[in-house]
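Let's take a tour of a protein model together. Have a look at the picture first, then read on.

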Amino acid sequence: MAPKRPQISYVIDPRFPGGTSSAVADELAVAVQHGAVTVHAVSSAMLKGRAVAPVLERALADMGLRLVWDAPAIGGDLVVLHNPGFLKFQARLAPRIVAHRLVVVTHENFSLPSGRPGFDVAGCLRQIDAASYTAEKLLAPVSPYNRQTVLAWAAAHTAAARPWAVAPEDWFNICATGAATATPRPRDRRGRHSRAGLEKFPPLADLDLTFPASAEMNVILGADTLMSAGPQRPHWALFPFHGIEIEQYFEMIDFMVYHTAPTLRESFGRVLAEGIAAGKVVVADPDTAQVFGDGVIPARPAEVADVIARHIEAPTRYAEQVARGRTMLARFSADRFAQMFARHLAPAEAAA
Amino acid sequence: MIVIEAGRRDARSLDARLLFAADLAAHGYDAVIDEETVPDALARATRYDAAPYLAARADLAPAAIVVIGAEEIGDDALITLRDYALEPDVPIAALGRFPTHQARMGAEARLAHATARTPAIVDLEAEAPGIAPGTLLPLLAAVRAAPSGATTPTLAIAFGADLLEDPQTLPLLTAMNNLGALRLRLITTGKAKDEIKGTRYAALPVFSITELPPMALARGIDILAVLGSGPPGERVASLATALLARGGAVIDSTDDAALAATGAPVLRGPATLAGLPGFAEHTVLPNRTEIARAAAADAWIARHALPRIAALAGLPAPPERGQRARAPRALFVPTNGNGLGHAQRAAQIAGALPAGLSAAFCAFPSCLPLLNARGFPAAPLVSPTGAHEADDANDILNALRLARAIRPGDQLVFDGGYVFTSIFRTIFETGAKATWVRRGLWRPGQIAESHLDREKAFDQVIVPGEAFDELNTDLSFGPHIHKVGPILQAAGDEAPDETRKALAGAIGAEFTTLVVSMLGGGVAADRTAQLQTISAALAHRPETAHVIVAWPGAALPPALAQWPNTHVVTTLAALPLARAADLVISAAGYNTFHELIYARTPAIFIPQIAPYMDDQERRARAASDRGVALTVLPDELIALSRAIEAVLDHGEGAGLSAALADLTLPATGTGEAARRIAELMA
């Protein structure tokens with residue numbers, strides 16, 4: 001008799017518009033190789049009225065999976081709940097979760113750079129804890145920085161954190177290495193892309209520094225809040241979120257320059273990985289850049305012009321930087337993720 | 001400068017912002033609202049409410065930002081805040097009622113991301129829940145001047161339109177309005193006010209809740225009773241809070257004790273209107289002092305004190321503002337009407353004020369030369385120009401100017417027929433004493449009920465009488481109405497012979513007969529035909545000088561000067577010329593008419609008969625019916641020529657003079673009007 005395949009359940013609200021859905025789409029492709037996967041969709045108050053993220057819809061269709069909406073009970077050897085933040089606008093997680101191991105992937109940092117809470121972490125985790133009957137409950141950070149915020153929260157909220165252990169390895173986003181090659185003649189063509197939220201953008205003064213009139217091209221994708229009102233900058237090419245295809249956007253730029261509001265720090269920085277995979281030199285604020293080591297050039301807004309100038313005058317330097325980025329992305333490959341994922345399944349299989 | 005933003009951009013949020021701005025301003029803060037965050041189309045009352053606080057974005061220099069209604073912050077507000085590109089040291093405070101921990105954290109994070117700083121969060125539900133649950137407006141006790149202290153306290157009753165469904169409501173309110181112990185003020189919705197004004201109970205003193213800002217509405221109220229079901233709206237809640245803060249009594253007569261349930265120091269009163277008069281008169285009135293003392297000592301007031309919340313929000317202290325001290329004065333505001341009559345009359349009264357009480361004017365530009373010539377300081381108001389889409393654009397500006405001109409202790413004296421919104425609001429908003437000088441003789445229907453509704457702003461109405469008693473009619477009644485004799489310019493010391501001699505020198509012509517034409521400035525109607533007729537009639541009389549008196553700035557056809565014997569004289573001193581004349585041909589406006597009659601000068605009156613003017617024809621006919629003047633209608637040009645001939649050639653002039661000499665006239669009222677104004681300030 002063939003060994004029983006591990007039962008793996010995902011618990012998500014599939015309507016997240018950004019990185020969470022993309023990350024889940026990528027990792028489902030790994031998960032299905034390790035067990036029988038069921039994807040449970042929870043209708044959260046937070047994302048009410050939104051549609052399922054297209055990237056996830058496509059991935060599910062490719063794998064022949066379907067969403068099971070609002071099941072009263074969810075079971076499995078391993079249950080993976082992505083981004084507990086989707087529970088922040090409600091008081092109760094409806095389904096009962098019965099599993100050997102429950103992993104809660106903490107896509108959102110538990111605190112802001114100011115030290116203030118990022119969201120009602122205790123409230124969200126309390127809902128999950130109250131709804132679940134499991135041997136193990138793990139919080140799985142997605143990056144070293146994300147881990148710091150989780151550990152700091154746990155230390156400061158011992159009672160709320162008591163049911164939870166923190167996974168020893170990062171539950172990182174799978175990043176495709178990409179096949180694009182570096183342009184041999186880089187020009188001062190800059191761009192950034194993100195969701196439209198104000199938290200994704202630096203103050204206007206910094207945006208002016210990083211996308212100046214002197215640049216040959218400044219492309220901002222996800223610029224909804226800059227288009228609806230606010231400053232008029234004729235030298236900015238503004239597109240709303242999903243306004244153009246991502247490939248079209250990358251064709252317009254040679255440098256990706258990414259800074260967020262100083263009150264936010266990306267938990268992983270998936271957009272940076274996309275820039276690297278597209279064969280661009282990626283420049284970001286030093287904190288966000290850390291996740292990707294020397295694959296991303298750390299620079300504050302005032303330093304960006306100099307960084308770009310140096311890479312334009314020396315195309316070799318540009319190509320070397322693109323190569324470093326690609327090397328770094330290999331650390332976030334599907335294979336490495338699969339190894340990490342298998343280690344999570346091992347205890348469950350042993351118990352079976 | 002404190003910039004006030006709201007989480008949402010709807011009408012309710014704007015109203016809450018305006019009320020909060022008014023509260024902050026009352027505490028000395030320079031509170032402003034970015035005009036780009038305000039909808040273009042605003043209700044009329046809102047335009048007036050907003051005017052003192054709107055600022056162009058380019059002029060914003062924020063010392064702090066306060067976001068109210070922060071439990072729901074939309075992208076519009078966040079984008080605006082981002083676009084301010086605030087200096088790093090400018091704090092942001094978010095005031096809201098956060099239903100969950102997440103809501104509070106979410107507001108904090110969103111504001112932080114948009115502005116790159118951590119906002120101070122003030123949870124009103126915890127810190128200052130207010131007198132009505134769920135209001136956007138932070139209901140803070142802005143402690144101000146004590147209640148009116150009037151001998152007869154004022155009871156205000158706030159109620160919704162549903163109360164009118166009971167047929168006993170208006171009769172009951174009317175009965176209460178006649179209680180000697182209390183003055184009544186009704187506060188309700190605009191719809192309910194209109195409904196009441198359409199009934200036979202229209203005389204009830206009703207205010208729409210949006211007619212005035214709550215703080216202004218609270219002035220003069222000593223006791224407020226709130227009726228209805230459930231918590232009151234933002235404005236009534238704000239009114240109740242304002243009253244509590246200044247030691248007034250608030251009676252919770254709601255069905256479900258909605259106010260008392262909040263812990264505010266209110267009195268639980270009867271839930272029916274019928275029980276209210278007895279409760280107010282026998283329970284509240286005798287204990288007013290103790291009620292005020294207990295409320296002042298109540299922890300609720302301290303908890304809701306604006307300075308406390310300002311401190312929680314991290315607002316900087318309001319700037320020190322010194323205001324140059326001066327003695328209280330009477331600020332006269334004559335309307336421009338169709339001529340200078342209102343300004344003339346106001347200047348007469350101002351000139352008769354007792355020594356020690358100074359007068360100043362705010363007046364339309366057309367009146368300024370006259371007032372300056374009389375020696376009064378006069379600040380300009382703005383006339384309507386037609387250049388703005390809103391027909392009240394000039395009046396909004398005037399409201400701002402009037403508010404700046406009034407200081408504590410001043411009295412506003414308005415002379416005019418229609419009480420502009422600027423006048424009405426200024427009186428309430430500044431708390432100034434107020435007098436309305438309102439001459440009579442309106443055409444039927446000319447004074448609408450809505451015009452008289454604004455009489456409630458005034459402490460007294462002085463009605464200058466007409467010389468002929470049948471012309472005196474009453475528009476409204478009450479102890480605040482004071483009828484005085486005709487108010488007119490007192491005759492000067494100029495001897496008629498000296499005036500004629502000086503005139504002869506000035507026009508370079510000798511004459512034995514002087515005819516003076518004063519047909520007005522041509523505002524109501526073109527008088528060229530009449531002036532041509534008069535000039536033609538007098539052209540063949542070499543012994544006659546015909547002087548056409550024109551106010552400075554008045555436009556007259558240049559061709560008039562071509563007539564033999566006719567001279568155009570531009571002067572503000574028309575009365576000495578008229579007194580020196582053998583015949584005056586004049587419009588029958590109040591001032592000129594009475595000046596001619598009291599000077600006993602033979603006159604032909606050509607009444608102005610525009611529908612928006614006083615009933616000049618009746619006034620002229622009253623004189624001609626007594627044989628003391630002739631009346632010719634504007635289109636009766638042949639009759640006009642004949643009347644001139646009759647006076648100058650056929651003895652009619654002597655007849656008029658004889659009748660005028662025998663005429664008994666009432667005493668003039670200038671002195672009494674001045675005395676009443678002075679008494680009101682005492």
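## A residue close to the chain end

Leaving aside neighbours within four places in sequence, Arg676(B) is in contact with Gln460(B), Ile462(B) and His482(B). Here, two residues are in contact if their C-beta atoms, placed from the backbone, lie within 7 Å. Arg676(B) sits in helix 26 (residues 670–681) of chain B. Helices (H or I, at least four residues) and strands (E, at least two) are DSSP runs, numbered from the N terminus.

Arg676(B) and Pro213(B) are 463 residues apart in sequence, and 29 Å apart in space, C-alpha to C-alpha.

## How to read this model

This is a predicted model, where local features need pLDDT of at least 70 and side-chain atom pairs count only at pLDDT 80 or more, while totals for chains, interfaces and linings use all residues. Residues are numbered from 1 along each chain as its sequence is written, and chains are lettered from A and ligands numbered from 1 in the order in which they are written.

## Chain B as a whole

Chain B has 682 residues, and 49% of them count as buried. You'll find 26 helices and 25 strands in it. Its C-alpha atoms fill a box of roughly 95 × 60 × 45 Å, taken along the principal axes. Now take the contacts in chain B between residues at least 6 apart in sequence: 69% of these join residues at least 24 apart.

Strand 1 (residues 2–6) of chain B is mostly covered, with 5 of its 5 residues buried. In a regular strand the side chains alternate between the two faces of the sheet. Here both faces are covered: Ile2(B), Ile4(B) and Ala6(B) are buried on one side, and Val3(B) and Glu5(B) on the other.

Which strands does strand 1 of chain B pair with? Strand 4 (residues 64–68) of chain B pairs with it in the parallel sense over 5 bridges, and Glu5(B) stands opposite Val67(B) there. Strand 2 (residues 31–34) of chain B also runs parallel to strand 1, joined by 2 bridges, with Ile2(B) opposite Ala31(B). Two strands pair if DSSP finds at least two bridges between them. Strand 1, helix 1 (residues 11–26) and strand 2 of chain B make a right-handed β-α-β unit; right-handed says that, with the strands pointing away from the viewer, the path from the first strand over the helix to the second runs clockwise.

## One side of helix 7

In helix 7 (residues 190–197) of chain B, the residues Ala192(B), Lys193(B) and Ile196(B) are buried. They cover an arc of only 100° around the axis, which puts them on the same side of helix 7 of chain B. That arc is taken from the directions from the helix axis to the C-beta atoms. What do the buried residues of helix 7 of chain B pack against? They pack against helix 6 (169–177), strand 8 (183–188) and strand 9 (206–208) of chain B.

## The nonpolar core

The largest nonpolar core has 303 residues, and those with the most contacts inside it are Val67(B), Leu224(B), Ala240(B) and Ile604(B). Such a core is a set of buried Ala, Val, Leu, Ile, Met, Phe, Trp, Tyr and Cys residues joined through C-beta atoms within 7 Å. Not counting residues up to four places away in sequence, Ala240(B) touches Ile131(B), Leu224(B), Val226(B), Val250(B) and Leu259(B).

## Two residues with positive phi

Most residues other than glycine have a negative phi. Asn83(A) is not a glycine, yet it has a positive phi of about 60°. Asn83(A) lies in the loop between strand 4 (73–82) and strand 5 (96–106) of chain A, and is buried, with 25 other C-beta atoms within 10 Å.

Ala116(B) also has a positive phi of about 60° without being a glycine. Look for Ala116(B) in the loop between helix 4 (101–115) and strand 6 (120–123) of chain B. Ala116(B) is buried, with 21 other C-beta atoms within 10 Å.

Note on methods:
A residue is buried if 20 or more other C-beta atoms lie within 10 Å of its own, exposed if 12 or fewer, and partly exposed in between; C-beta atoms are placed from the backbone.
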